Amino acid sequence: MPSWQASVLNRLLTYVARPSVSRGSAKVPLCGIRRRLLEMDRRWLGWPQELKVEHWPLSHSPLIHYQLPQPREVSLFYIRGGGFCFKTPHAHARFLADIMRRSLADCYVPDYRLAPEHPFPAACDDVLEAYRMTLEHCDPGKLVLMGDSAGGNLALSLLLQLKQLELPLPRACVLLSPALDLGITGDTERILAADDPLFTIESLLRLRGAYLAGSNPMSERVSPLYGCFKDLPPILLLAGTRELLLQDAERLQQAVLRDGGRIEAGFYLNMPHVFPLFELLPEAMEARGQIAAFIRNNLLL
């Protein structure tokens, strides 16, 4: 049974967060929502203690390096989500600091350009450049690729592109509530019936349109669900059953198994989108433990 904390969070998201992204009567521009989210992120979420931060310049956006005062046995390359339009640096830093402690890791975070000012393929290009720089600082055999939501889209897209370019692949990949099908070709009845406390179909289409800006939603680089998953590293896939994007995760699991790949999937009952980031949820702590165990099992051999 889901925790009482999850029930409270779902209700808060439904009445506070979900209306802010849907246009409704306010019609707040996406850049205005971004400013509000950044302000709330800074005001309400403290920066993790002892987390050291470096910014390394790239062509268009920096690569951020996080370190903790601990031994380093692995490295993470984490692509933050935010609907391709937003970012929450403090929320993600708190989550990553916990995963880093559990995994004895440092972390590389591409601060990619955001839509609608910078639509596709800006984010993909920034992420690839950041990954190339990361390879100059760590062994790909000790590297875990991670991403949540839109960042999960960019992570899987990057993985497929690395294979095509014959660049070194990470040792493993972790995807949290990934948005993988911008063509929205799943079961329409299930999509319309989804009781997602964070997203509506309107908000999903709005963010999708800002990112695509007329690009083909069926291309593999935009919708990596349509890729070939042979010869990829093992994947851990986590999602909540309340998500509008749940089918993306379910279909990825089926596609990876179809192509003979290795994937572990966890679908947490009644959990919202990217629930592992909500540190007050017992289910989030369970998921973080599952992530750390997956990293240990695949890297610390």
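A: Happy to! At 62% relative accessibility, Trp 4 counts as exposed, where exposed means over 50% relative accessible area, buried under 20% and partly exposed in between (1.4 Å probe, protein chains only). This is a predicted model, in which local features need pLDDT of at least 70 and side-chain atom pairs count only at pLDDT 80 or more, while totals for chains, interfaces and linings use all residues. Residues are numbered from 1 along each chain as its sequence is written, and side-chain values use heavy atoms, leaving out hydrogens and water.

Now to the cysteines. A disulfide is a covalent bond between the sulfur atoms of two cysteines. Here a disulfide is counted when a pair of cysteine sulfur atoms lies within 2.5 Å, and the count comes to 0 disulfides. Cys 31 is partly exposed, at 29% relative accessibility. For Cys 138, the closest cysteine sulfur belongs to Cys 107, and at 10 Å this is again too far for a bond. Cys 138 is buried, with 9% relative accessibility.

Over residues 76-276, the chain is 38% helix and 16% strand, taking helices (H or I, at least four residues) and strands (E, at least two) as DSSP runs numbered from the N terminus. The end C-alpha atoms of this stretch are 16 Å apart. As for Trp 4, this residue lies in helix α1, residues 4-21.
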